[in-house]
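I opened my notebook today to go through one structure step by step. Come along and keep the 3D view open while you read.

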Amino acid sequence: MAALGWLSPRRRPATARSVLAGEAAAEAARKTSRQLELLDRAEREAEPEVEFPVRGDVRAAAFFDLDNTVMQGAAIFHFGRGLYKRKFFQRRELARFAWQQTWFRLAGVEDPEHMQDARESALSIVKGHRVSELMTIGEEIYDEYMADRIWPGTRALAQAHLDAGQKVWLVTAAPVETATIIARRLGLTGALGTVAESVDGVYTGRLVGEPLHGPAKAEAVRALAAAEGLDLDRCAAYSDSHNDIPMLSLVGHPYAINPDAKLRRYAKEREWRLRDYRTGRKAAKVGIPAAAGVGALAGGTAAAVALHRRRR
C-alpha cells in the first residue's frame, strides 16, 4: 500500500500568505455578490418589468409572417409537393419546385424570381379546379408536409399572445386558402394571404391584385388594424425577411425571427428583438419580453429533451 501513497494528495501546511489569499478571495466574492445584488435591485426599481403580451389588451394583436418564421421552408413549395403526389403536374415541374425549396432553405432568404416562378406555376396548376377541392387537398398536404415543420419557438410566441387574450394573424404571400388552413390548425385567429381569382368557385389562374408581399403586407396589416380597432403601437409583428421591414416598422413591438442577414443588421441597429430557432446555438437576443421568452424557452426545452432521447 505504501507504493500507492503517491495517489493520495499530501496535506501541506497553510502558509500565512495562502491564508491571506483565501480570506481575500472570500471577502472579494462576498463584496461582489452584494454589489451585483444592489445593481440588480436598482435596475429593477428603475425599469420595472412590464408584462408582454399585456393580458386583456384587446387593442393589441400579433402578426406573423409564415415562411421560415412560423414554418421551415416555403408553404407554396410544400403545397406543390402535395399536388405532384396527386398528379396535378409532371416530374419536370416537381424538380423546379424542389430546387427552389432547397435554395430557400439553404440561403434562408426569399429570391423574388423563385417566388414569382412558384406563384405562376401554382396558378397554372390550379386553374380550372374548384376552390373546395383545393381546400380539402390542402388539409391533407398540411398533415403530410407542413405539420412537422412548424418552429416550436415561434409557435410558443404566438401562443403567448393567444393566452393573453389577443388575436394572432398570419400575414403571408402564400395562397390565402393555404394560410387559412395553417392558421386554423395552429389555433390562430386567421390569415392574410395572396388571393387567387375564382369565378363560381373555380380558379381562373389569375390573381386578385398582386401577391401579398413586402409593402403589400404592411398595407394589409394597416387595413385590418383599422377594421378591428387595433392600436398598432401596442401590436407585435414577427418575420424572418428584410422584405417585411415595412410590416415590422408599422408596429410598436417588432421581432426578427430566424432573420436573413439584411434584417439582422437592420434589427440590431434599431434594437429590435431577435430570436433564431434554426440552430442549437442561442441567438443574439435584445429584450425578449418575459411572457414570450418563457414560452419560447418551453419550446426549446422540449426540443432539447427530444434530441437527448434520440442520441440515447
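This is a predicted model: local features need pLDDT of at least 70, side-chain atom pairs count only at pLDDT 80 or more; totals for chains, interfaces and linings use all residues.

**Entry 1: the nonpolar cores**

I started with the largest nonpolar core, which has 42 residues; Phe 64, Leu 66, Leu 83, Met 146, Leu 170, Ile 182 and Tyr 238 touch the most other members. Helix H5 gives this core its largest share, 7 residues.

Next I picked Leu 66 and asked myself which residues it is in contact with, leaving aside neighbours within four places in sequence. I listed Met 71, Ala 75, Leu 170, Val 171, Thr 172, Ala 174 and Ile 182.

**Entry 2: the whole chain**

I stepped back for an overview. The secondary structure comes to 11 helices and 8 strands. The chain has 312 residues, and 45% of them count as buried. I also looked up contacts with a separation of 6 or more: residues 24 or more positions apart account for 59% of them. The accessible surface is about 17,400 Å², and carbon and sulfur atoms hold 55% of that.

**Entry 3: strand E1**

Which residues of E1 are buried on each side? I found Ala 61 and Phe 63 on one side, Ala 62 and Phe 64 on the other, and all of them are buried.

Then I checked the partners of E1. Strand E2 (residues 167–175) runs parallel to E1, and 4 bridges join the two. Within E2, Trp 169 is the bridge partner of Phe 63. E1 also pairs with E6 in the parallel sense, over 3 bridges. There I saw Phe 64 opposite Tyr 238, and I had met both names in the list for the largest core.

**Entry 4: helix H5**

I returned to H5 and wrote down its buried residues: Val 131, Leu 134, Ile 137, Gly 138, Glu 139, Ile 141, Tyr 142, Tyr 145 and Met 146. I also noted that H5 bends by about 25° at Glu 140.

**Entry 5: salt bridges**

How many salt bridges does a search of the whole structure find? The search gave 16, and I looked up a few.

Glu 139 forms one with Arg 185, with the closest N and O atoms 3.0 Å apart. Glu 139 lies in H5 and Arg 185 in helix H7 (residues 176–185), so this pair ties together parts that are 46 residues apart in sequence. Arg 185 is partly exposed, at a relative accessible area of 33%, whereas Glu 139 is on the list of buried residues of H5.

Glu 144 meets Lys 85 in another salt bridge, at 3.5 Å from N to O. Because Glu 144 sits in H5 (residues 131–146) and Lys 85 in helix H2 (residues 75–85), the pair ties together parts 59 residues apart in sequence. I also found a network of salt bridges that links Lys 85, Arg 86, Glu 140 and Glu 144.

My last pair was Asp 57 and Arg 234, whose closest N and O atoms are 2.8 Å apart. The two are 177 residues apart: Asp 57 is in the loop between helix H1 (16–46) and E1, Arg 234 in the loop between helix H8 (215–228) and E6. Is Asp 57 buried or exposed? Its relative accessibility is 12%, so Asp 57 counts as buried. Arg 234, at 34%, counts as partly exposed.

Technical notes:
Residues are numbered from 1 along each chain as its sequence is written. Side-chain values use heavy atoms; hydrogens and water are left out. A salt bridge is a side-chain nitrogen of Lys or Arg within 4 Å of a carboxyl oxygen of Asp or Glu. Buried means under 20% relative accessible area, exposed over 50%, partly exposed in between (1.4 Å probe, protein chains only). Two strands pair if DSSP finds at least two bridges between them. A nonpolar core is a set of buried Ala, Val, Leu, Ile, Met, Phe, Trp, Tyr and Cys residues joined through side-chain atoms within 4.5 Å. Contact means heavy atoms within 4.5 Å. The bend at a residue is the angle between axes fitted to the seven residues ending there and the seven starting there. Accessible areas come from the Shrake-Rupley method with a 1.4 Å probe; for residues, only the protein chains shown count as cover.
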